[in-house]
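Have it open while you read, and go through the points in order.

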Amino acid sequence: MSSEQINKHSQRTVLAMAIISTLGSLLFGYNTGVINGALPYMARPDQLNLTPILEGMIGSAICLGCAVGAVVGGRVADIIGRKRTLMYLAILFFIATLGCALSINATMMIICRFILGIAVGGASVTVPAYLAEIATENLRGSLVVLMELVIVSGQLLAYIINAIIAISFGHDPSIWRYLLGIASLPAILFFFGMIINKESPRWLVTKGRISEALDVLKATHETEAKAIAELNNIRDLLSEQASQKQLSLKDFTESWMKRILILGIALAVIQQTTGVNAIMFYGSQILTAAGFSTDAALIGNIANGIISVVGTIVGFYLVKKLSRRRMLAVGLIGILFANLLIGVIASTMEGSSYLPYFVLTLTVIFLAFQQTFVSPVIWVVIAEIFPLKMRGTGMGLAIFFLWITVYFVTFAFPILIGSIGLSNTFFVFVFLGVLSLLFVKYYMPETKGLSIEDIERKFRNDYK
């Protein structure tokens, strides 16, 4: 193909590669959402006979596994490649999912949920890194947001199945095994899809496999000239890094790398201190605490899932038009006021029959801002700011803190609800939201419109 010929299928190729890789994100979303509906059934005396402490351990085990998987998965992806890492994660998803569905006691369930968490954590690092590296500059933001869309779609799927099971098949206590086992099917598709998927061209260049990288770039760019230009840009950046020693933790003590690491970790923590996973994990409990019946809360929770999907679709388009800083600031301001109103209304309308409807409306508004403005931008920025040679490792460290924050938020939320009440719990999120806004205003740089190679040069030159 000459440099003047147009590859009409380039965007289709990139999209196909992205869809296959985001099956890992579908598993990510489903497995973090399904436990909400499965726990009440497995807790019964004739099933796993769970105490409240065991329920908490089963619910949070996946978060600790995710933290481990984020660090290990990122490092492994840097060593053996994005493609092979995702294939191994698909196998791990399949084994852990079946293990959860076939668990005979709480100990086996906790172990399998922890292993499942390793797969989820590994996918939460490797999928966005892979998407950022296969995409052309104009598609990069949208493809990383696609991952977020698939995650929330997996959670919505879990909420819908939970509600259907609770209403239609609640008489069968062993139904939780089917809820958990369903996830083995996309794990199989994920594995075979990654077999035919292409490797990240940027990772191939770091390993000296230039001809393979060029073949991938030709498939994902409109012309051969653009593919060669992209290849040269990647090689130029690596040449600039040629004098650098092998990656180690000492590299993060350099001022420009320290700033990137702090930024990545802070954004990961900010994404969770909004309270989003308190709503996604405990949405039903929030609504029952506000006054809904259990069945009504499960149905109402579907609204949270739907708005998450719709919001992410809108974010898919906005991330191509708005600056990263503006999107994040708008989202955090909207979330802050939603949390403030939940706290005020829960305090002033306690006992009112209208309270649960107001709370449901405000959680929907909260998730609209979170999934439209906050989560998409944070995933995009974390995926694009780390240098090529250490992208997997750097993202792994940042997302390790994301999952540790998820763990503490999900662990502390029911305790806070029980001790200080629904209203004061959301006032805590308001305080954290103010701190997040200050961080964005004074610390976060703008990266929109830059290639990931130019972003690296910007950080190195501006923060020497």
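How many residues apart in helix α19 are Arg457 and Asp454? They are three residues apart, so about one helical turn separates them.

Before the rest, some ground rules. This is a predicted model, where local features need pLDDT of at least 70 and side-chain atom pairs count only at pLDDT 80 or more, while totals for chains, interfaces and linings use all residues. Residues are numbered from 1 along each chain as its sequence is written, and side-chain values use heavy atoms, with hydrogens and water left out.

1. Back to that helical pair. Arg457 and Asp454 form a salt bridge, with the closest N and O atoms 3.1 Å apart. The term means a side-chain nitrogen of Lys or Arg within 4 Å of a carboxyl oxygen of Asp or Glu. Helix α19 covers residues 452–462; helices here are DSSP runs (H or I, at least four residues), numbered from the N terminus. Arg457 is buried at 16% relative accessible area, whereas Asp454 is partly exposed at 34%. For those words, buried is under 20% relative accessible area, exposed is over 50%, and partly exposed is in between (1.4 Å probe, protein chains only).

2. Other salt bridges. The whole structure has eight of them. Shared partners join Asp78, Arg82 and Glu133 into one network. Glu212 and Arg209 also pair through their side chains (3.0 Å, N to O); Glu212 is partly exposed at 34%, and Arg209 is partly exposed at 33%.

3. Glu384 is buried at 1% relative accessibility, and Arg324 is buried at 4%.

4. Now the aromatics. Nine aromatic pairs turn up in the whole structure. Rings of Phe, Tyr and Trp (its six-membered ring) pair if their centres lie within 6.5 Å; planes under 30 degrees apart count as stacked, over 60 as edge-to-face and the rest as tilted. Phe413 and Phe429 are stacked because their ring centres are 6.3 Å apart and their planes are at 20 degrees. Together with Phe426, they form one aromatic cluster.

5. Check two arginines over rings as well. Arg259 lies over the face of Tyr443, 4.2 Å from the ring centre, and the charged end of Arg460 sits over the ring of Trp256, 5.0 Å from its centre. The criterion is NZ of Lys or CZ of Arg within 6 Å of the ring centre and within 35 degrees of the ring normal.

6. Is Asn304 buried or exposed? Asn304 counts as buried, at 1% relative accessibility. Its place is in helix α15 (residues 294–318).

7. Last, the surface. A nonpolar patch of about 1100 Å² includes Tyr88, Phe94, Leu185, Phe192 and Ile196. Helices α5 (82–101) and α9 (184–196) each give two or more residues to the patch. Patches take residues with over 30% relative accessible area and no salt bridge, joining like charges within 9 Å and nonpolar side chains (Val, Leu, Ile, Met, Phe, Trp, Tyr) within 5 Å; accessible areas come from the Shrake-Rupley method with a 1.4 Å probe, and for residues only the protein chains shown count as cover. Ile196, in helix α9, is exposed at 66%.
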